[in-house]
Amino acid sequence: MNMIIFVLAFVFIIFLFNYIIRFIEQNLEHHTIYKMLLNKQIALATIQNVEFFKELRDSTFTKQFVYKIHIQLKTLESKVLELDIYENLKNSHIDCLPGDVYVTYDQNLKHVAIIPTLMIQMTPDVESIIRKYEEIYQTHYIVAIRNKGLSLKSISVIVKEMKND
């Protein structure tokens, strides 16, 4: 009887840890981006090009395709930095480049990630910062959507998709 309880407890602990790891995998990046957005740690980035970097598998052995994204990061102080970031992209064919998105930004460039467009729209506190960027720089926005990977689409493609639905 004790052996059965021990085995069941062991299996339960394995499933619990698996669930916790999967939860952290799916939500840690979202939480970090949202926290930096609330702290107004954002910058405008022009995506110059995207190229395949490597294929990974997550804890559920789902394939993820990591791409190297070359961006020009633009700050409110009119600094322009060239750098590469790495993102898990859902669609490999992106026909809307170059295009502008907002990214998380701290002074030492440790956490640079593309902020989903919807997250920006739902955070009215950053509207004044966005208006400042639009005054300083000429922007050509593309839509960033995070749902089990990042999708970058032009606004015209989004409108066509909405009409077809």
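Figure 1. The model is predicted: local features need pLDDT of at least 70, side-chain atom pairs count only at pLDDT 80 or more, and totals for chains, interfaces and linings use all residues. Residues are numbered from 1 along each chain as its sequence is written, and side-chain values use heavy atoms, with hydrogens and water left out. The protein holds four helices and six strands. Helices (H or I, at least four residues) and strands (E, at least two) are DSSP runs, numbered from the N terminus. The radius of gyration is 19 Å, well over the 15 Å that the globule rule gives for 165 residues, so the protein is more spread out than a compact globule. That radius is taken over C-alpha atoms, and the rule is 2.2 Å times the number of residues to the power 0.38. Along the principal axes, the C-alpha atoms fill a box of roughly 70 × 35 × 30 Å.

Figure 2. The accessible surface comes to about 11,100 Å². Carbon and sulfur atoms account for 59% of that surface. Areas come from the Shrake-Rupley method with a 1.4 Å probe; for residues, only the protein chains shown count as cover. Of the 165 residues, 33% count as buried. Buried means under 20% relative accessible area, exposed over 50%, and partly exposed in between (1.4 Å probe, protein chains only). Among contacts with a separation of 6 or more, 64% join residues 24 or more positions apart. A contact means heavy atoms within 4.5 Å. The protein has 18 positive and 18 negative side chains, and the centres of the two sets lie 4 Å apart. Lys and Arg count as positive and Asp and Glu as negative; His and the chain ends are not counted. Each charge is placed at NZ of Lys, CZ of Arg, CG of Asp or CD of Glu.

**Figure 3. Helix H3 and its cover.** Helix H3 spans residues 127-136. Ile 129, Ile 130 and Tyr 133 are buried there. Seen down the axis of H3, its buried residues fall within an arc of 100°, so they line one face of the helix. The arc is that of the directions from the helix axis to the C-beta atoms. The cover over these buried residues includes strands S1 (42-57), S2 (63-74) and S4 (99-104). Helix H2 (117-121) is also part of that cover.

Figure 4. Most residues other than glycine have a negative phi. At 42% relative accessibility, Lys 40 is partly exposed. Leu 109 sits in the loop between S4 and H2. Its relative accessibility is 34%, so Leu 109 counts as partly exposed.

Figure 5. Asn 27 lies in helix H1. It is partly exposed, at 28% relative accessibility. Asn 27 and Gln 107 are 80 residues apart in sequence. In space, they are 24 Å apart, C-alpha to C-alpha. Tyr 67 lies in strand S2. At 9% relative accessibility, Tyr 67 is buried. Tyr 67 and Asp 84 are 17 residues apart in sequence and 9.9 Å apart in space, C-alpha to C-alpha.
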